[in-house]
Amino acid sequence: MVQACGWRGFALCVSMWSLWSWAANAQVKIPIVKWGQKSDRLFLTIPLKDVQDPMVKFSDGLVEFSASSHGDQYEVKLPLLRHIASQNSSYVIHAWNVQLEMPKKRKEPCWKRLLKGKTSHSWLKRDHDKWYTKDCQAAKEKWRVTYFTRKMQGKSPNAGPSGRYDDVDSSDSGSVAKQNIEEEKQQAQTRWENTRAQFVAKAIPRTANRKKKN
């Protein structure tokens with residue numbers, strides 16, 4: 001570089017090289033990422049046409065993507081909220097988009113967000129076509145039943161080989177848990193009514209006060 005520019009033009013060459021590097025890096029864009037989910041897997045869709053030189057890398061808590069499309073370079077790194085089964089993850093390149101499918105590490109209630117950080121991004125959007133609401137709700141209800149069953153049995157809700165609640169079959173314990181929850185509600189209602197009755201009994205009627213003053 002020194003020989004090509006000469007010592008006098010070295011500083012100018014360095015400036016031009018820095019400007020060129022900055023311009024090259026400025027061309028890298030973040031693609032739109034649409035995400036959906038079920039209780040046991042995640043779906044990503046990146047709507048880029050005719051991608052070339054695609055690179056998709058899965059790790060337990062991170063998904064990396066890069067590719068070029070119609071002369072533009074795109075890159076994105078997605079640090080996930082929780083882990084996925086990276087060895088079983090896959091992707092398919094179509095003419096209009098790139099689709100990724102990633103099994104979650106375990107079946108669980110659906111995630112509140114995709115990324116580990118809570119910062120919102122304009123390029124990250126929910127894919128309503130791949131959002132399985134009924135499946136998510138069923139997983140949430142099963143989680144609740146298992147959670148309360150463990151609590152009422154004096155066990156840790158996080159106990160079990162998986163560290164979550166999937167190792168417990170809630171089919172047998174569901175009726176018991178629901179019955180205990182109803183009993184707790186009735187007991188709370190009874191306590192509230194007794195407390196209210198005590199306050200009412202201690203209260204002095206206003207009419208009595210007025211008669212004494214008169």
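Predicted model: local features only at pLDDT ≥ 70, side-chain atom pairs only at ≥ 80, totals over all residues.
**Overall make-up**

The protein contains 5 helices and 9 strands. Along the sequence these elements follow the pattern α-α-β-β-β-β-β-β-β-β-β-α-α-α. Of the 214 residues, 29% are buried. Among contacts with a separation of 6 or more, 58% are made by residues 24 or more positions apart.

**The disulfide**

The model has 1 disulfide. It joins Cys-110 to Cys-136, with an S to S distance of 2.0 Å. Cys-110 is placed in the loop between strand S8 (98-103) and S9, while Cys-136 belongs to helix H3 (residues 133-152), so the bond ties together parts that are 26 residues apart in sequence. The link is left-handed, with -80 degrees about the S-S bond. Cys-110 and Cys-136 are both buried.

**Asp-127**

Strand S9 (residues 124-131) holds Asp-127. Asp-127 is buried but forms no salt bridge. Its nearest side chain of opposite charge is that of Lys-34, 4.3 Å away. A salt bridge requires a side-chain nitrogen of Lys or Arg within 4 Å of a carboxyl oxygen of Asp or Glu. The side chain of Asp-127 does reach the backbone nitrogen of Asp-129, at 3.1 Å. Leaving aside residues up to four places away in sequence, Asp-127 touches Lys-34, Trp-35, Gly-36 and Thr-45.

**Ser-86**

Ser-86 is found in the loop between strand S6 (72-79) and strand S7 (90-93). Ser-86 counts as buried because its relative accessibility is 17%, and the cut-off for buried is under 20%. With residues up to four places away in sequence not counted, Ser-86 touches Phe-58, Ser-59 and Asp-60. Lys-104 lies 18 residues from Ser-86 along the chain, and the C-alpha atoms of these two residues are separated by 8.6 Å.

| Pair | What is compared | Distance |
|---|---|---|
| Cys-110 and Cys-136 | S to S | 2.0 Å |
| Asp-127 and Asp-129 | side chain to backbone nitrogen | 3.1 Å |
| Asp-127 and Lys-34 | side chains of opposite charge | 4.3 Å |
| Ser-86 and Lys-104 | C-alpha atoms | 8.6 Å |

Conventions:
Residues numbered from 1 in each chain as written. Heavy atoms only, no water. Helix = DSSP H or I, 4+ residues; strand = E, 2+ residues; numbered from the N terminus. Buried < 20%, exposed > 50% of the residue type's maximum accessible area, 1.4 Å probe, protein only. Lys, Arg positive; Asp, Glu negative; His and termini not counted. Polar contact = N/O pair within 3.5 Å; in protein donor to acceptor, adjacent residues only side chain to side chain. Contact = heavy atoms within 4.5 Å. Disulfide = S-S within 2.5 Å.
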